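Subject: Structure handover

Hello,

The structure is pasted below, and the notes on it come after. Please read them with the model open.

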Amino acid sequence: MTNNLDTLATALYATTDDLPKERPDLASWRPAVGIAPQLTDAELVTLAMMQAMLGFTSEARWLRHARAHLRHLFPYLPQQPGYNKRLRKAAELLRRVTRILATSTSVWSDDVWIADSTPVECGRSRETVKRSDLAGLAQYGYCASHSRFFWGLRLHLVCTLHGLPVAFTLTGAKADERETLLDLFAAEPHLLAARPGQTLIGDKNYFGRDFERELAEYGIQLLRPTRKGERQRPGGPLFKPLRQVIESINETFKGQLDLEQHRGRTPRGVIARVMQRILALTAVIWHNDQTGQATLRSLTAYDH
């Protein structure tokens, strides 16, 4: 492990450990009588982030690695079943910590956002599809950027131009991107309450008069490429380089954080593993911002 990652892990642990003191609502509920867990919530969050950062898609292999190399950070490490159980229950904690880190950065107030979705494949064989606990949630969908069909979910993201996740959700593969985006804003109206004139950049799938009208009611100006048969829309020359920004964010999740090798087999399992990766990306941007380094999406400086 590099010194950079060691420093990031320490900073994340210290911040997460202090949160229950400032925000008691973030503390995990536990019965008044019972044995306190040997692995604290702060250690669990840090361990989950480091697993995603170091590219361990197998929890068993990750815990073996942690026992061999990370005892100086984690005096106690659970067995794989216990770690898996704690991680699945911690999805909401991971989400809240991710939001707190994001709002602590200087780029949180950026007035330009990017909206996009990317496939989260959950199985390839017909037998997997028939037997999976994800049946009913996962669906068959089409990935235009890779010209292929897949079975699984879609991760819908709203990010800053620096790649900082602002809002996100998982849906079935066939979910309409426009409806999902509107649902994201409806679920968190405070995101836009203090952001009049926010600009949102999307691809050609974010179209429609009613859709743009609803965005305008939120105070959002939509910029997207011109569709075939439409009158030329403003900002056309800007979309090619901005599209590369969007693709680089997706590549960070898939190439560096192994989003499609998540190994989740249940809805809670997939959600927790996706949250691990969103936390990892957010933590890197947060740490770079806090330490005065360039706010970059690349995780290479933290590779082992």
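How many helices and strands does the chain have? The chain has 11 helices and 6 strands; helices (H or I, at least four residues) and strands (E, at least two) are DSSP runs, numbered from the N terminus.

Two points on provenance. This is a predicted model, in which local features need pLDDT of at least 70 and side-chain atom pairs count only at pLDDT 80 or more, while totals for chains, interfaces and linings use all residues. Residues are numbered from 1 along each chain as its sequence is written, and side-chain values use heavy atoms, with hydrogens and water left out.

Overall figures

Of the 304 residues in the chain, 50% are buried. Buried means under 20% relative accessible area, exposed means over 50%, and partly exposed lies in between (1.4 Å probe, protein chains only). The chain exposes about 15000 Å², and carbon and sulfur atoms supply 52% of that area. Accessible areas come from the Shrake-Rupley method with a 1.4 Å probe; for residues, only the protein chains shown count as cover. Among contacts with a separation of 6 or more, 66% are between residues 24 or more positions apart. Contact here means heavy atoms within 4.5 Å.

Salt bridges

A search of the whole structure finds 11 salt bridges. The criterion is a side-chain nitrogen of Lys or Arg within 4 Å of a carboxyl oxygen of Asp or Glu.

Helix α9 (residues 209-217) holds R213 and D210, whose side chains meet in a salt bridge at 3.9 Å, N to O. They are 3 residues apart, so about one helical turn separates them. R213 also forms a salt bridge with E217, with the closest N and O atoms 3.1 Å apart. That pair lies in helix α9 as well, 4 residues apart, about one turn of the helix. As for accessibility, R213 is partly exposed at 43%, whereas D210 counts as exposed at 51% and E217 is exposed at 60%.

Salt bridges that share partners also join E92, R95 and R96 into one network. Within it, E92 forms a salt bridge with R96, the closest N and O atoms being 3.0 Å apart. E92 and R96 both lie in helix α5 (residues 91-103), 4 residues apart, about one turn of the helix. E92 is partly exposed, with a relative accessible area of 38%, and R96 is partly exposed at 28%.

Surface charge

R61, R64, R263 and R265 form a positive surface patch. Patches are made of residues with over 30% relative accessible area and no salt bridge; like charges are joined within 9 Å, and nonpolar side chains (Val, Leu, Ile, Met, Phe, Trp, Tyr) within 5 Å. Lys and Arg count as positive and Asp and Glu as negative, while His and the chain ends are not counted. The place of a charge is taken as NZ of Lys, CZ of Arg, CG of Asp or CD of Glu. R61 is partly exposed, with a relative accessible area of 45%.

Individual positions

The loop between α5 and β1 contains T105 and D110, with β1 spanning 112-123. T105 is buried at 8% relative accessible area. Leaving aside neighbours within four places in sequence, T105 is in contact with L164, W286 and D289. The C-alpha atoms of T105 and Q290 are 7.2 Å apart, although the two residues are 185 residues apart along the chain.

For D110, the contacts outside four places in sequence are T160, H162, R195 and Q198.

Is E188 buried or exposed? E188 is buried, at 14% relative accessible area, and its place is in the loop between α7 (177-187) and α8 (190-193). Not counting residues up to four places away in sequence, E188 touches R99 and A167.

Which residues does T199 touch, not counting residues up to four places away in sequence? They are D111, V112, W113, Q221 and L223. T199 lies in strand β5 (residues 198-201) and is buried, with a relative accessible area of 14%.

Regards
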